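Have the sequence and the 3D view open as you read.

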Amino acid sequence: MSFTSRAQQATTQTNVADAPGNPNSKDLSAILSSCIASIGTLGEGYGVIAGRLAELQRRLAEGRFHLAVLGQFKRGKSTLLNALLGEEVLPTSVVPLTAIPTFIHSGEERLARVYFQERDDPQQVEAEGPERLRDFLTDYVTETGNPNNKLGVSHVEVFHPAPLLKKGVVLIDTPGIGSTFRHNTEATLNFLPQCDAALFLVSADPPITEVEVQFLRQVRSKVRRLFFILNKVDYLGDEDRYAALAFLEKVLREEVDVPRGTEIFPVSARQGLAGRIDGDDELWRVSGIPEVEHHLLDFLENEKGSALREAVSCKAADALDETLLRLRLAMRSLQMPLENLAQRMAILEAKIDEARREREQVSDLLSGDRRRMHQFLEEHTGQLRDEANEYLRGIVREALVRDGQASDERVLEALGEAIPGYFEHQVGQTAELFREQVAQILEPHQKRADALIEGVRKTAAELFDVPYHAPESSGAFEMAHRPYWVKHKWTSSLIPIPTGLLDRSLPASARLKRTYKRLFGQVEELVVSNVENLRWATFQSIDQTFSQFGSALDERLAETIEATHGAIHAAIERRRSHSKEIADEEEKIQTATKDLEQLREELESLASGAKAGDESG
Ligand SMILES: Nc1nc2c(ncn2[C@@H]2O[C@H](COP(=O)(O)OP(=O)(O)O)[C@@H](O)[C@H]2O)c(=O)[nH]1
Ligand SMILES: [Mg+2]
């Protein structure tokens, strides 16, 4: 895990509604292509900017959203996904599947790849048809093929040519919630905030259960967008179907606070799948799956898509402003009397030195804050250890008291059941706490870094009398990284300590006392090793976040220096060479400047069209 800044978080969650005037990806991508072509004429020094624009274009093209499918075992999650894929790729079964999520990506060929918890080399299979993939997956993600996940699989990726995936959705088949593997629920909850949306599946037969209602209550606060599906409606006639929908709507409204009028899609995943496989259009139509597909595509195009386009065009505008600043500085430097030029260059160099010194100070402050975060982590884990000890001792007591008989087996069983869920929950809480703390701590540094970089650019612009635009995209929506799924291996089993002769000869009350002491000692060991697991994961993400922040700042500063000092310096070099070359250079710069100014305006009008659309929409 790594923490993103609060600004990023906040903007990631805004959903900007689309409207007719909104830029579409094609227009934006075309503008980016023209920019890249124009910058390409300027030579090697501009490679970084061209690369940045190409990266934006790639992100625009690849803008994927991550959609998790949730629900209890056997509600038909895998069948629904198969229906959307158009063939039986995922194993479906009546036996509960293991706790392993499957990520389904777009790919030209059918391919499945299995990743392991403690190995770097994934296993993979390429297949012509779905059967081979399904058999392969069955070996790794089903309880029959991989009981208790003894193979240590962490997650699975499937690549598939289904048209829906080409539209930019990554589908995620999640382990079912429910009683069989209780801690799966916690692991799922920790994973949800990273997903863009989720489909919540219940079925008509049997109707929604208390377990699902409870899970849903927890899910609601974790996931940005939730769609509801009532599966297996083929069991019902028209009238029952209506009643089942009404019942589900009522439960969602009354028990989970889902607003009235929230759409619920009644479907038969089984019919949908059969319809697709047999090419039976009528069956496909009545299955209700086309509505789900349509709704998903609409969501992708209208909400997720426009937020991404807005961010990309904002960042592209900044990249163009930077290029234009650079070109204008170069032009001025080619034309200005050399003496003047030298004077101004000296002032700029002093400003750059100042920025570098400030950067050093930021470094010192950052390492102080990093140390403070480590300290806070130590305190937090100390507290966690106490709480966990208390909680697990309670479990020991309860298990021992339950039948008045000191039975180690019973205690061990109770602990084994409680530990994974308890610590999975702590992972989520701790990650959230530290994400907030780190964001809060980095915020002033971010402001300072922005000011530092702006200072250099502004000085250069003023000295050389060229227009200056403050960057707009700092903190603009970052495409979420692909969601990760961490499955910790919680130590939950104890080796029973055989009671000695002495124990057996003691009176009952003294024996019980000894038992408590022995078990509490063991609980302590369990707590230490599990909390250490959590501490280490958090420590690493704190360090990673701080390092990334530092290197991003260095990168931006280097780019700024290149765009200002670098541009002027290159011009001075030119002037030392022949005048013929200078004339060529001037012409080249002039052409590129004109082109890019034009493109910058197009970008602006795309964006303001989008804004007007938003306001009217
Ligand atoms: N009648 C009926 N059965 C379904 C439907 N969808 C799934 N099933 C069956 O329900 C069982 C569990 O399905 P599966 O997709 O493995 O559920 P998961 O555990 O939620 O992934 C399988 O036997 C499916 O064939 C449906 O729409 N109608
Ligand atoms: Mg399944």
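Buried means under 20% relative accessible area, exposed over 50% and partly exposed in between, with a 1.4 Å probe and protein chains only. Helices (H or I, at least four residues) and strands (E, at least two) are DSSP runs, numbered from the N terminus. This is a predicted model, and local features need pLDDT of at least 70, while side-chain atom pairs count only at pLDDT 80 or more. Residues are numbered from 1 along each chain as its sequence is written.

**Helix α9**

On α9, the buried residues are Ala244, Leu248, Val251, Leu252 and Val256. Looking down the axis of α9, these buried residues fall within an arc of 95 degrees (taken from the directions from the axis to the C-beta atoms), so they line one face of the helix. Asp238, Glu239 and Tyr242 are exposed, on the face turned away from that buried side. Cover for the buried residues of α9 includes β7, α8, β8 and β9, where contact means heavy atoms within 4.5 Å. Just after α9, Asp257 has a positive phi of about 65 degrees.

**Ligand 1**

Around ligand 1 sit 18 residues, with Lys74, Lys77, Ser78, Thr79 and Asp234 the closest; near here means a heavy atom within 4 Å. Its polar contacts (pairs of N or O atoms within 3.5 Å) include these:

| Side chain | Ligand 1 atom | Distance |
|---|---|---|
| Asn231 | oxygen | 3.1 Å |
| Asp234 | nitrogen | 2.7 Å |
| Ser268 | oxygen | 3.3 Å |

Taken alone, ligand 1 exposes 580 Å², and the protein buries 91% of that (Shrake-Rupley areas, 1.4 Å probe). α4 gives the largest share of the shell, three residues.

Terms used. Chains are lettered from A and ligands numbered from 1 in the order in which they are written. Side-chain values use heavy atoms; hydrogens and water are left out. A polar contact is a pair of N or O atoms within 3.5 Å; within protein, one must be able to donate a hydrogen and the other to accept it, and residues adjacent in sequence count only if both atoms are side-chain atoms.
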